[in-house]
Amino acid sequence: DSIALAAQYPFIYAAAGIHPGDVKDAPADYQEQLEQLIKQPKVVAVGEIGLDYHWEDVQPQDQKTGFIRQIRLAQKYNKPILIHMREATKDTLDILKDMGPLKGIMHCYSGSKEVAMELIKIGFYISFGGPLTFKNSRGAPATAEALPLNRLFVETDSPYLTPHPFRGKQNEPMYVRYTFDKLCEIKAVEKDLAA
């Protein structure tokens with residue numbers, strides 16, 4: 001697992017959290033187990049946590065409860081949170097505003113620039129994955145263009161969300177450069193200045 005790899009290699013760090021799709025399968029004492037993981041020295045964030053209403057197999061209220069519990073653990077140990085948000089913008093934003101100020105990253109952001117601006121005010125960075133490069137993508141490039149460069153990240157989300165020109169194939173970490181290149185193009189900055 002990622003924590004074992006982090007312990008083995010000095011250049012690897014880990015995050016620990018329960019994805020909203022896995023909350024229903026979490027053991028009853030998951031909060032205690034998660035707390036033990038978060039206390040590990042190379043665990044630098046709590047995540048990927050959040051809300052995902054796309055699938056109907058986990059009730060929204062159960063997701064909200066798990067999300068709030070994990071945010072509280074992150075606050076207790078002063079760790080940033082990595083947020084997964086899918087078809088749950090209002091509830092996610094309401095919870096984050098209620099529990100803020102917070103720090104963290106919005107994982108593979110696909111929401112509006114208006115919501116992104118609200119998230120930045122709470123203390124978040126906005127991270128873009130492969131969809132930023134898709135030829136039919138309009139919202140992500142417009143959002144990236146509107147946000148300050150110092151609040152942006154790029155990521156792979158490997159093996160998913162493969163950027164153009166490899167869309168349809170398994171994503172690889174090395175493909176993050178295509179997302180980075182697209183972000184530099186959108187922001188009209190030299191690649192070496194943005195890095």
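Student: Where is the place of Pro165?

Tutor: Pro165 sits in the loop between strand 6 and helix 7. Keep in mind that this is a predicted model.

Student: What kind of peptide bond joins His164 and Pro165?

Tutor: A cis one. Its omega is about 15°.

Student: And what joins Ser158 and Pro159?

Tutor: A cis peptide bond as well, with omega about 15°. Pro159 is in the loop between strand 6 (152-154) and helix 7.

Student: What about the phi of Asp157?

Tutor: Phi is near 55° there. That is a positive value in a residue other than glycine. Asp157 also belongs to the loop between strand 6 and helix 7.

Student: OK, Glu87 next. What is its phi?

Tutor: Positive, at about 55°. Glu87 is not a glycine either.

Student: Where is Glu87 found?

Tutor: In the loop between strand 3 and helix 4 (89-99).

Student: Is Glu87 buried or exposed, and why?

Tutor: Exposed, because its relative accessibility is 52%. The cut-off for exposed is over 50%.

Student: Which way do strand 1 and strand 2 run, parallel or antiparallel?

Tutor: Parallel. Strand 1 is residues 14-16, and three bridges join it to strand 2.

Student: Which residue is the bridge partner of Ala15?

Tutor: Ala45, in strand 2.

Student: How many bridges join strand 2 to strand 3?

Tutor: Six. Those two strands run parallel, and strand 3 spans residues 81-86. As one example of the pairing, Met85 in strand 3 stands opposite Leu51.

Student: Where do side chains point in a regular strand?

Tutor: They alternate between the two faces of the sheet.

Student: What unit do strand 2, helix 3 and strand 3 make?

Tutor: A β-α-β unit, and it is right-handed. Helix 3 is residues 60-76.

Student: Back to Ala45. How far apart are Gly21 and Ala45?

Tutor: In sequence, 24 residues. In space, 19 Å from C-alpha to C-alpha.

Student: Where is Gly21, then?

Tutor: In the loop between strand 1 and helix 2 (30-38). Gly21 counts as partly exposed because its relative accessibility is 26%.

Student: Now helix packing. At what angle do helix 5 and helix 6 pack?

Tutor: About 40°, and their axes are 9 Å apart. Helix 5 is therefore oblique to helix 6. Helix 5 runs over residues 113-122.

Student: Which residues make the contact?

Tutor: From helix 5, Lys113, Ala116 and Met117. From helix 6, Ala142, Thr143 and Ala146.

Student: What is the handedness of the crossing of helix 5 and helix 6?

Tutor: Right-handed.

Student: How do the axes of helix 6 and helix 7 cross?

Tutor: At roughly 60°, and they come within 9 Å. Helix 6 is residues 139-146, and helix 7 is residues 176-187.

Student: So are those two parallel or oblique to each other?

Tutor: Oblique, because of that angle. The crossing of helix 6 and helix 7 is right-handed.

Student: Which residues meet there?

Tutor: On the helix 6 side, Pro141, Ala144 and Glu145. They meet Leu183, Ile186 and Lys187 in helix 7.

Methods. Residues numbered from 1 in each chain as written. Predicted model: local features only at pLDDT ≥ 70, side-chain atom pairs only at ≥ 80, totals over all residues. Heavy atoms only, no water. Pairing = 2+ DSSP bridges. Helix = DSSP H or I, 4+ residues; strand = E, 2+ residues; numbered from the N terminus. Right-handed = clockwise from strand over helix to strand, strands pointing away. Axes fitted to C-alpha atoms, helices over the stretch in contact; angles between N-to-C directions. Parallel < 35°, antiparallel > 145°, perpendicular 65-115°, else oblique. Left-handed = near helix turned anticlockwise from the far one by under 90°. Contact = heavy atoms within 4.5 Å. Buried < 20%, exposed > 50% of the residue type's maximum accessible area, 1.4 Å probe, protein only.
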